[in-house]
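Student: I would like to go through this structure with you. Can we take it one question at a time?

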Amino acid sequence: MIKKDNSPIYVTQPDMPVFDEFVESLREIWDSKFLTNNGKFHQELEKRIAEYLKVPYVSLFSNGTLALITALQTLRIQGEVITTPFSFVATTHSLHWNGIKPVFVDIEEEYLNLDPEKIEAAITPQTTAILPVHVYGRPCNHEKIQEIADNYGLKVIYDAAHAFDVNHNGSTILDYGDLNVLSFHATKTFNTIEGGAIISHDIKTKQRIDFLKNFGFANETTIVAPGINAKMNEVQAAYGLLQFKSLENNRLKRQKVWEKYSEELKDVPGVKIPELPDGLSHNYSYYPALIEEQDYGISRDKLYDKLKEERILTRRYFYPLISNIPTYRGHNSSKLSNLPIANKIAEQVLCLPLYASLESFEVEKIISLVKNNVRENFLI
Ligand code: T4K
C-alpha cells in the first residue's frame, strides 16, 4: 500500500500547532510591532518551559547549535574537551567554532552513549570539560561522568538536543551536569521551527548566557563580552507556546508506534532494538534499529535503499561517524582502534520513522518490509 497522496514517509515530521491559533498569535505579534529581543512571547515561553520541565532557568536560542557554542563560552571552556563521535555533527562543530580540540571517546554498546569507563584514559592537562550527548534521549551514565568530572575539576555540558521531557527515576535528566542544551528544531519532539535553549542552575549563569546570546550587552551601554546574536524571535516563541496543547497527546501517539515496532521486530533475526533503561519516562523521539548483516542477510545500507524504493525515507543517524569526517579524522582520538563500538554501531544503525501523525497502516507497511527482507534473503 502506498501513502494516500503518494508522498514519502519521512523519518520524522514536525508536530504542528493548530493553524488558526498560530494565525491569531501572528496577528498579535503584528499589531504589537514587537518582533524579537526578549518580547512577550519569548518571556512567556521561557517561563512555560521551565515549569513544564521542572528546571530552574531557561535561556531560549535561535537554534541548538548556537546554544551549544554559547554554553561552552559561558563556562569559558578551552583546550581539549572529551566527547562522543556518535552524535549529530553539531556537537563537535560547537567545539570547533570555539577553537577547542575534540577528544573522542568510544560509546557503550548497550546505551550508545559516551562510555564513562573510557573517559579517564583520555584526560590530559589540557582537558577542561566533558561534552556527552543523551543520544535519542537515552540518559548517559551521569553519576559516573560527574564523579570523573569532580575528581579532575572538569565541567560537564550535556548536549541534550534529543532529551526534551525525559525523566529518569522520577526526575528530569536536565538536572545533570553544569549546563544542558536543547534543540527545538522542526524534527524534534518540541519544536519552534528552528530553536534551542540552555538550561542553567543559577541566575548568574542564566544572566551570562543571556548577555552572550545578545552580542554581550548587559545594558544599553555595557558590553561585557564578544557575544553573538542567537536570540529566538517572537514568531518562533509563539509557535512554541502552542505546542504545549498537544505535547502529552503526541508523546502517547509516538509511544504507541514505538511499542508496535518493538513488539513486531523483537524476533526478527539480525534486527536488534537497543532497550530503554529501567525507570525511564521517555519522549519516544527516535526509533534506532541495529541491522546485523550476518543474521539479517543484507546490510543496513541495502535495507535503507530498499525502503527508499518504497518511498520510506529512514535515516542513518549517526552515520558517518563524526570522527570519520574530513574535518576531524586527523585527530589521534579519531582512530578506528580507539572507537571500535561507535564505528560498528554507525554501520548498523537505521532510524525508522517515528512521529505523532504516522498512521498505523504506514507503521504496518514499514514493519512488513523490514520483516520481508529477511525472509527473502533466507527464503523462510
Ligand atoms: N546536537 C544533537 C545531538 C543534534 O541531534 C542536533 C540536531 C543538534 C545538536 C543541533 O541542533 P539544531 O541546531 O539543529 O537545533 C536534522 C535536524 O536538522 C537537526 O536539528 C537534528 N539534530 C538532526 C538529528 O536531524 P537532518 O539533516 O537529518 O534534517 P533533514 O532536513 O534531512 O530532516 C530530516 C527529515 O525530517 C526529512 O526526512 C524530512 C523531515 N522534515 C524535515 C524538516 C526540516 C520534515 O518533515 N519537515 C521539516 O520541516 O538534520
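Student: What area is buried between domain 1 and domain 2?
Tutor: This is a predicted model, in which local features need pLDDT of at least 70, side-chain atom pairs count only at pLDDT 80 or more, and totals for chains, interfaces and linings use all residues. Residues are numbered from 1 along each chain as its sequence is written, and side-chain values use heavy atoms, with hydrogens and water left out. Buried area is the accessible area (1.4 Å probe) that two parts lose on being put together, summed over both. Carbon and sulfur atoms give 63% of it here, and the total is about 3400 Å².

Student: Which residues of domain 1 lose the most area to domain 2?
Tutor: Three residues stand out on that side. Together they give 21% of what the domain 1 side buries. They are Phe104, Glu109 and Tyr136.

Student: Where do the two domains run, and how many residues does each bring to the contact?
Tutor: Domain bounds come from an automatic or database domain assignment. That assignment gives domain 1 as 19–243 and domain 2 as 247–378. Contact means heavy atoms within 4.5 Å. By that rule, domain 1 brings 40 residues and domain 2 brings 39 residues.

Student: Which side chains form a salt bridge between Lys344 and its partner?
Tutor: A salt bridge is a side-chain nitrogen of Lys or Arg within 4 Å of a carboxyl oxygen of Asp or Glu. Between domain 1 and domain 2 the count is one salt bridge. With N to O at 2.4 Å, the side chains that meet are those of Lys344 and Glu109.

Student: Which element gives the largest share of the side of domain 1 that touches domain 2?
Tutor: Helices (H or I, at least four residues) and strands (E, at least two) are DSSP runs, numbered from the N terminus. The elements that give two or more residues to this side are α4 (90–96), β4 (101–104) and β7 (167–168). The largest share is four residues, and it comes from β4.

Student: Which residues come nearest to the ligand?
Tutor: A residue is near a molecule or strand if one of its heavy atoms lies within 4 Å of it. There are 26 residues around the ligand. Those that come nearest are Gln13, Thr65, Asp159, Arg315 and Tyr317.

Student: How far is a polar side-chain atom of Asp159 from a nitrogen atom of the ligand?
Tutor: A polar contact is a pair of N or O atoms within 3.5 Å; within protein, one must be able to donate a hydrogen and the other to accept it, and residues adjacent in sequence count only if both atoms are side-chain atoms. Gln13 has a side-chain N or O atom 2.4 Å from an oxygen atom of the ligand. For Asp159 and the ligand nitrogen, the distance is 2.7 Å.

Student: Why does the salt bridge of Glu46 and Lys206 tie together parts that are apart in sequence?
Tutor: The closest N and O atoms of Glu46 and Lys206 are 3.0 Å apart. Glu46 lies in helix α2 (residues 40–53) and Lys206 in helix α6 (residues 203–212), so the parts tied together are 160 residues apart in sequence.

Student: Which peptide bond has omega near 0 degrees?
Tutor: Most peptide bonds are trans. The bond from Tyr317 to Phe318 is cis, with omega near 10 degrees. Pro320 is found in the loop between β14 and α11. The cis bond with omega near 0 degrees runs from Tyr319 to Pro320.
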